[in-house]
Amino acid sequence: VAYRYLLGDSRREATRLRAQARLWDPTSRALFDRLGIRRGSRILEIGPGRGSLNLELRRRAGGPVDVVEPSAVFRARLARVWRGDGRGRGRVFETGLAEAPLPRDHYDLVFARWVFLFLPDPLSHLRKVARALRPGGILALQEYHRDTLGLVPRAPEWSDFLAADLAFFRSQGGDASLGSRLPRLLEKAGLDPVEVHPTVMVGHPRSAVWNWLTAYFTSVMPRLANYPPFDARKARSLLRRWREAEAERSSLLIAPAVLDVVARRPSRRRRRAARGPGRPRRPRG
Ligand SMILES: C[S@@+](CC[C@H](N)C(=O)[O-])C[C@H]1O[C@@H](n2cnc3c(N)ncnc32)[C@H](O)[C@@H]1O
């Protein structure tokens, strides 16, 4: 499948990712607390970007963490921060997930935040990751359920804007709202459910939440204008209303819900039990 990562690794995008991480890393750390990561765990992080959570995973494991990261810019930054914590260099897969030669039956934990929403055919990617887990190993993903996204007061262009937001991801085979589809996809990939945990952030103008959402959507607005019925005129009008809303302190931005979706690869014994004892042999003769 022809696939191009939509957001790139420009300096502006790296700055946006840093502010986004500051806002959201506590939610990921709370997830890591619930997972109870042990020292010495074998961990793979897919798409670590600037790597704030990669450092956190390394700290909890007390050693290196493998990564899949296709961006050379982000890999160079990771190499720098790894030198800082002295925990060594994990295995680095310098490709997209589809091309990475992952080991089989190996990882205690595979983690990714905001990566699978970009990928075409998420089920085949999930099957690949499931094979890389050891029996009993955990897959933990953080992805959006887009439907809570709202501006209050609502602008007349809003529903066309929401459709364009989804169409933009779909243009490369992705699904911006993948989070709520994950439980079913993980089941199809042969994993057992562990938890689905939501976080919905809400903010008034000038809050960190308001600024995070506004920075992202103003940066992609010219590209969203390519997805009808949204267009350049509606994009300009929406940005004007967005700025007007920003001048009223009671206005609100409601973020897409982030779902922590966790699943486990069944242990070998459980898988045999699930298959059943097998057909009784027919007596010969
Ligand atoms: C939106 S950023 C999220 C970064 C980081 N996980 C975070 O939460 O801050 C998406 C990341 O996925 C990486 N990525 C893009 N395409 C990928 C692919 N096919 N396989 C693995 N990672 C990919 C990007 O280079 C980037 O690091």
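Start at aspartate 105. Relative accessibility is 36%, so aspartate 105 counts as partly exposed. Keep in mind that this is a predicted model. Which residue meets the side chain of aspartate 105 in a salt bridge? Arginine 265, at 2.7 Å, N to O. This pair links distant parts of the chain, 160 residues apart. Arginine 265 sits in the loop between β10 (257-264) and α9 (268-275). Aspartate 105 sits in the loop between β3 and β4. And arginine 265 is buried, with a relative accessible area of 11%.

Now the other salt bridges. The whole structure has 16. Take aspartate 25 and arginine 113: the closest N and O atoms are 2.9 Å apart.

Next, glutamate 94 and arginine 75. Their closest N and O atoms are 3.8 Å apart. Glutamate 94 is in the loop between β3 (92-93) and β4, and arginine 75 is in helix α3 (residues 72-85), so this pair ties together parts 19 residues apart in sequence. Arginine 75 has a relative accessible area of 18%; the cut-off for buried is under 20%, so arginine 75 counts as buried.

There is also a network. Asp33, Glu56, Arg59 and Arg60 are joined by salt bridges that share partners.

On to the backbone. Most peptide bonds are trans, and most residues other than glycine have a negative phi. Here are some departures.

The bond from valine 152 to proline 153 is cis, omega near 5 degrees. Proline 153 lies in the loop between β6 (150-152) and α5 (158-170). The bond from proline 228 to proline 229 is cis as well, omega near 10 degrees. Where is proline 229? In the loop between α7 (208-224) and α8 (232-246).

Then positive phi. Tryptophan 114 has phi near 55 degrees. This residue is in the loop between β4 (107-113) and α4 (122-132). Tryptophan 114 is buried, at 11% relative accessible area. Arginine 206 has phi near 75 degrees, also positive. Its loop runs between β8 (202-203) and α7. Arginine 206 is exposed, at 64% relative accessible area.

That's my tour. Questions, please.

How values were computed:
Residues are numbered from 1 along each chain as its sequence is written. This is a predicted model: local features need pLDDT of at least 70, side-chain atom pairs count only at pLDDT 80 or more; totals for chains, interfaces and linings use all residues. Side-chain values use heavy atoms; hydrogens and water are left out. Helices (H or I, at least four residues) and strands (E, at least two) are DSSP runs, numbered from the N terminus. Buried means under 20% relative accessible area, exposed over 50%, partly exposed in between (1.4 Å probe, protein chains only). A salt bridge is a side-chain nitrogen of Lys or Arg within 4 Å of a carboxyl oxygen of Asp or Glu.
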